[in-house]
Amino acid sequence: MRRIAIEENRLHLVVEVSDEGDVRLLHFSVLPFEEARLGGPDSRPFYRLYELQATGFGRMENHGLRYMQNSPGIEMAYRDHRDYRNQLGRVLEIRTAHPASGLEVTTSFQFYDGLSLARCWNTITNGGPLAQGIEYLSSFSLTGISKEGLMEDEDKLRLYTPGNGWQAELQWRRERLSQRGFFHLSQEGNSSHRIQETGVGSWSCSECLPMAMLENLETGSMLFWQIETTGGWHWEICDTAHQLALNISGPSEIEHHWWKELAPGQSFETVKVCVGSVAGGVDQAMDQLTRYRRAIRRPNEDNRSLPIIFNDYMNCLWASPTTEKEIPMIDAAAQVGCEYYVVDAGWYTDGDWWTDVGEWIPSPKRFPGGIRQVMDHIRRRGMIPGIWLEIEVMGLDCPKLKDTDDSWFFTRHGRRVIDRQRYQLDFRCPAVREYATQVVQRMVEEYGVGYIKMDYNINAGIGTQRDCDSPGDGLLEHQRAYLEWLDQIFARYPYLIIENCSSGGMRMDYAMLARCSIQSTSDQSDYLKYAVIAANAPSAVTPEQAAIWSYPMPQSTREQIIFNVVNACLLRVHQSGNMSALTPQNRELVKEGLAYYKSIRRHIPQAIPFWPLGLHRQGDPWVCLGLRWGDKRYVAVWRTGGDQSTVLVPLGMAGLSARAACRYPRQDGACAFTYHQASGTLSVSMPQAPMARIIEITPEA
């Protein structure tokens, strides 16, 4: 028997290789390894390095639909391993094989210097003479996720999952295992039940974000993970041998109609996942995830300079742009300090903008002098023009359809897939990629566009059956081809900003966000409901990528204007609303907020988010988000309702001398606040709801 024991960036990883060649991941945690916590010797075989199910192989255990005791996964034997460093940090690769079938799996752990986490994935290769069908392969598996501590799992564990939906993004839940219907009752130490979250279809976040956290209250530690795919994903927690096990994967046969046939010599790589462990809770886990997300992201100027974007859609032109409407809005946006101006949907059609998408030729009726006239006016007002595209679809009334055939589109059961009156383009098709490139080239080189809002408003379901092994296989290959196409666009136009939008935040994942510098967080049109989405946004997206709408209305009161601006002020400003119709006083209030944003935005790309009142849910009477930059704190406080006019905000600055100042709005007597040095807390009083303020806490020498 041999051990591979690693201590890297406060993480402890222990892998055991038995005398028979079985490979077992015994430990992955910020907590030190205690062998006594594993259970008896009979439990060791259940600490598997990964789960693999291939066609024609059986399964063991009373598994139900759980991915436990899969074959040939339980029969894979150790071959060798590599432990080395690259430019990111330490790398551990473990190679296992199944001689009877010729299947080989390389399990990879990429550590990042200074971060208590690892990026994990598996690569399977068919080294045998016959084709092999793969039904499931985990990206990461870990048994014993609750083995530390003496308390029962029901008492010590809390599971955090981020529910997601259209206009209802980032709704975190904190639950006991029993609240998910999970109970330890089996005398054999396993059951058929599992706690699971699954993303199905081409929207990775239509019901839940591909991430979660598991808190151990007894040990004061947190296990967390995110799945980096723009399509199907799955994670589950189940019990085996009196232990809890976690399996994380991309698409699978049961959940996603995914099945992959590997010809001799062919390989398949699972989607990548990030898994980490910290001593602490939500804030400490998000600290590590924020730093990691910055580390894997494409370097770009947008995430350093954070320009202010005006978009003419939300509570403004509502996808009905014309030259006549745009000119006064452009002038008003420039006046308050916006730096990009985006013409949203509808610019390419005289009629129904929804079903005509796909050809991307400006409407002469909407723009009699040509759309370049509008783009030139934007530049004359000192801003960079942007435009809306939905490049992955074609509407049923798109004139371009006459030049296409079925090879351009997703098909199932011999028919094109239709969702919301659009066809889904297949980016595996060379003609599709060539056409999409030509569209972007025209936007940039002919229209002078420097920003593209790249939307995606359909869910194409389980995938396509054309030229693939299964619908899920076709979907994954298409999405990987689309990401490869994005990489090529950024290589060709490195200063082009592409916003990732999918009806708001329906595809808010780090397969997309490792490339796109900015993310639409929601289509929520009610600024009061947006406060919770804005406050929770940095849990899913780095602050400098989280675009938040601010849309003051002509009838808005002073406090409503302030509330709108505060929603976006610590993240990325997506300014909208009918700015040209605001009163001079209210326009000055917006201008003041944007000027304040410009004064602090250089700090946001290095700042770490924290949640003094915890992650929020709709209906919370007080909402709070903080950014920590060095010893300084930027804090947004919203009062959305309730009877209590004062809230106590913990800042984690106990004993530090500091001064607090309301920075937006500047002239303000309505909000009272006091910093308490001994406890490092801030008392904030707002006499009415809704109200919101930005308060800075600066340490004193």
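1. Contact, as used in this note, means heavy atoms within 4.5 Å. Helices (H or I, at least four residues) and strands (E, at least two) are DSSP runs, numbered from the N terminus. Buried means under 20% relative accessible area, exposed over 50%, and partly exposed in between (1.4 Å probe, protein chains only).

2. This is a predicted model, in which local features need pLDDT of at least 70 and side-chain atom pairs count only at pLDDT 80 or more, while totals for chains, interfaces and linings use all residues. Residues are numbered from 1 along each chain as its sequence is written, and side-chain values use heavy atoms, with hydrogens and water left out.

3. The chain contains 12 helices and 41 strands. Its radius of gyration is 26 Å, close to the 27 Å that the globule rule gives for 701 residues, so the chain is as compact as a globular protein of that length. Here the radius of gyration is taken over C-alpha atoms, and the globule rule is 2.2 Å times the number of residues to the power 0.38. Along the principal axes, the C-alpha atoms fill a box of roughly 80 × 70 × 45 Å.

4. Of the 701 residues, 64% count as buried. Among contacts between residues at least 6 apart in sequence, 68% join residues at least 24 apart.

5. Helix H12 (residues 584-600) has 17 residues, which should span 24 Å at 1.5 Å a residue; its end C-alpha atoms are 25 Å apart, which agrees. The expected span of a helix is 1.5 Å times one less than its number of residues. The buried residues of H12 include Arg587, Glu592, Tyr596 and Tyr597. Their cover includes helix H6 (323-336), helix H11 (558-568), and strands E33 (572-575), E36 (632-639), E38 (658-664) and E41 (691-699).

6. Helix H8 (residues 430-446) also has 17 residues and reaches 23 Å from its first C-alpha to its last, close to the expected 24 Å. Val432, Tyr435, Ala436, Val439, Val440, Arg442, Met443 and Val444 are its buried residues. An α-helix has 3.6 residues a turn, so residues three or four places apart point the same way. Among the elements that cover the buried residues of H8 are strand E23 (384-389), strand E24 (393-395), strand E29 (451-454) and helix H9 (471-492). Gly448, with a positive phi near 75°, follows H8.

7. Helix H10 (residues 527-536) is largely enclosed by the rest of the structure, because eight of its 10 residues are buried. These buried residues include Tyr527, Tyr530 and Asn536. Strand E12 (171-175), strand E32 (546-550), H11, strand E35 (622-629) and E36 are among the elements covering the buried residues of H10.

8. Trp233 is in strand E16 (residues 233-240) and is buried, with a relative accessible area of 0%. Leaving aside neighbours within four places in sequence, its contacts include Glu197, Cys208, Pro210, Ile227 and His256. Arg507, in the loop between strand E30 (497-500) and strand E31 (518-520), is buried at a relative accessible area of 3%. With neighbours within four places again set aside, Arg507 is in contact with residues including Ser204, Glu392, Tyr456, Tyr482 and Gln519. His377 belongs to helix H7 (residues 371-380) and counts as buried at 12% relative accessibility. Not counting residues up to four places away in sequence, His377 touches Ile327, Ile330 and Asp331.

9. Most residues other than glycine have a negative phi, and most peptide bonds are trans. The bond from Tyr664 to Pro665 is cis, with omega near -5°, and Pro665 lies in the loop between E38 and strand E39 (672-676). The bond from Ala689 to Pro690 is likewise cis, with omega near 0°; Pro690 is in the loop between strand E40 (681-685) and E41.

10. For Gln421 phi is about 65°; Gln421 lies in the loop between strand E27 (418-419) and strand E28 (422-424) and is partly exposed, with a relative accessible area of 43%.
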